Amino acid sequence: MTKLRLAIVGAGPAGIYAADILLKAERAFDVSIDLFEQLPAPYGLVRYGVAPDHPRIKGIITALRDVLDRGDIRLFGNVRFGVDITLDDLKKHYNAVIFSTGAIRDANLDIPGIDAEGSFGAADFVSWFDGHPDVPRTWPLDAESVAVIGNGNVALDIARMLAKHAVDLLPTEIPQNVYEGLAASQVTDVHVFGRRGPAQVKFTPLELRELGELRDVDMVVYDEDFDYDDATRAAIASNKQIMVIDRVLQSWRKRPGVNNAGGEASRRLHLHFWAKPVEVKKDADGRVAALVYERTRPDGQGGVVGTGELREVPVQQLYRAVGYFGSPLPGVPFDERHGVIPNHEGQALQSDSNEIVPGIYATGWIKRGPVGLIGHTKSDAMETVRHVINDQGSWWQPEDPSEEAIPALLAERGVRWTDLDGWHRLDEHEVALGAPHERARIKVVPRDEMVKVSRGE
């Protein structure tokens with residue numbers, strides 16, 4: 001019987017789902033899977049891209065843990081593709097590789113002044129508050145008024161983390177340095193800008209509702225944003241999710257002092273709709289001073305057009321949450337325009353000829369771009385795995401497919417890799433750190449410390 005030796009690069013939900021689906025799939029050959037992850041811990045964006053006060057979403061980790069703990073997938077953490085192990089190495093030791101490296105860079109927002117000091121991408125801030133080991137330990141939170149550009153769940157995560165009082169995050173797995181940074185924050189007003197109307201937002205009702213439950217934070221919405229056209233009213237009447245979002249927003253309009261932000265809370269979270277950012281103004285030192293936006297209006301087709309009316313909101317810091325973008329991988333075709341591996345249903349394609357590249361596959365955001373929720377990743381992986389199984393005739397023919405080859409190779413190169421037992425050690429260590437403080441866990445942030453704990457050193 002033929003045996004498939006498969007490498008998967010990226011141990012987030014996309015990579016783990018792909019491994020699980022392949023192992024459970026009907027096939028005429030045995031399978032052996034090695035999962036490579038550049039961080040010392042698995043789970044990707046579920047650990048490093050979801051706000052710490054989202055335990056329900058974090059519950060996905062339980063399902064991923066169950067897959068890894070079956071013991072039929074090997075994990076090699078703290079291994080960087082293109083540095084510690086290359087595409088040529090994979091061809092020498094495997095029949096195929098699936099890349100599930102996600103999208104961790106911020107998409108660009110091309111407006112004047114976006115390069116001002118104090119203007120940030122959402123991904124960097126998320127990495128900081130999630131304790132990613134490869135970002136600085138501190139974050140400047142010296143602004144009183146902050147702009148967040150975007151109307152998706154990431155924008156709301158950013159806004160909520162900025163507006164929420166740090167003490168209310170203590171029951172979560174927030175790292176200690178992040179708690180201390182947020183506790184010293186000067187923020188009083190967070191302004192969220194979306195170029196479309198309230199019925200065209202990309203966030204979910206759950207995310208929105210959570211904003212209104214923040215302690216000592218007033219929600220500020222503006223009556224002028226709720227002058228709906230016929231298309232918007234029809235969308236609200238026909239779509240349950242939009243109906244719930246509208247109901248939440250309408251309830252906030254009834255709160256005292258909403259339009260003039262005259263509530264009694266010490267912090268305010270403003271939602272600005274029909275607001276297309278056009279410029280970031282700088283002060284004399286090159287720092288963010290204000291956001292200029294153009295009022296938009298519905299075009300009757302579900303889109304928007306500009307009205308020509310410009311408005312300015314003084315802010316001292318700005319976050320763009322307008323989407324994530326994939327990163328190129330050494331030796332692997334890459335579509336610079338869309339930030340993905342060019343592919344047909346997960347089969348990698350040559351960038352110039354669109355011909356299938358044997359042995360190379362993609363799944364998750366590096367395959368389809370940063371769209372869809374984590375649940376979409378399963379169907380995505382099924383499509384890719386089906387091709388891996390059916391492409392048996394074009395698999396690579398490795399010269400050394402032995403399972404001992406990879407640990408020997410990494411050891412020879414001095415790579416201090418972490419394995420599944422190591423992740424269990426780190427997991428238990430973080431939970432133990434949190435226990436005396438009645439916290440879910442306290443994340444270990446420095447990479448060296450994560451590796452030492454994982455390796456029992």
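Residues are numbered from 1 along each chain as its sequence is written, and side-chain values use heavy atoms, with hydrogens and water left out. Since the model is a prediction, local features need pLDDT of at least 70 and side-chain atom pairs count only at pLDDT 80 or more, while totals for chains, interfaces and linings use all residues.

To start with the helices, two packed helices are described by the angle between their axes and the distance between the axes. Here, helices (H or I, at least four residues) and strands (E, at least two) are DSSP runs, numbered from the N terminus. An axis is a line fitted to C-alpha atoms, for helices over the stretch in contact, and angles run from 0 to 180 degrees between N-to-C directions. Helix α15 (residues 420-434) and helix α16 (residues 447-455) have axes that come within 7 Å and cross at roughly 110 degrees. The two are therefore roughly perpendicular to each other (65 to 115 degrees; under 35 is roughly parallel, over 145 roughly antiparallel and the rest oblique). The crossing of α15 past α16 is right-handed, which means that the near helix is turned clockwise from the far one by less than a right angle. On the α15 side, the contact (heavy atoms within 4.5 Å) is made by Gly422, Arg425, Leu426 and His429, and on the α16 side by Glu449, Met450, Val453, Ser454 and Arg455. Sorted by class, that gives three nonpolar, three polar and three charged residues. Ala, Val, Leu, Ile, Met, Phe, Trp, Tyr, Cys and Pro count as nonpolar, Asp, Glu, Lys and Arg as charged, and the others, Gly among them, as polar.

Helices α10 (residues 230-238) and α11 (residues 240-253) pack at about 110 degrees, with axes 5 Å apart. This pair, α10 and α11, is therefore roughly perpendicular too. Ala235, Ile236, Ala237 and Ser238 of α10 meet Lys240, Ile242, Met243 and Asp246 of α11, and the contact has five nonpolar, one polar and two charged residues.

Turning to the rings, a search of the whole structure finds 18 aromatic pairs. Rings of Phe, Tyr and Trp (its six-membered ring) pair if their centres lie within 6.5 Å; planes under 30 degrees apart count as stacked, over 60 as edge-to-face and the rest as tilted. Tyr43 and Trp423 have ring centres 5.5 Å apart and planes at 85 degrees, so they are edge-to-face. Tyr43 sits in the loop between β2 (30-36) and α2 (44-48) and Trp423 in helix α15, so the pair ties together parts 380 residues apart in sequence. Both Tyr43 and Trp423 are buried (under 20% relative accessible area; exposed is over 50% and partly exposed in between, with a 1.4 Å probe and protein chains only).

Trp139 and Tyr319, by contrast, are stacked, with centres 6.4 Å apart and planes at 20 degrees. Trp139 lies in the loop between α6 (122-129) and β7 (145-149) and Tyr319 in strand β14 (residues 317-320), 180 residues apart. Trp139 is buried at 15% relative accessible area, and Tyr319 is buried at 0%. Ring pairs also link Phe120, Phe125, Trp128, Phe129, Trp139 and Tyr319 into a cluster.

Asp216, in the loop between α9 (205-211) and β9 (217-220), is partly exposed at 30% relative accessibility. Leaving aside neighbours within four places in sequence, Asp216 is in contact with His165, Ala265, Ser266 and Arg267. Asp283, in the loop between β11 (275-282) and β12 (288-298), is partly exposed at 34%.
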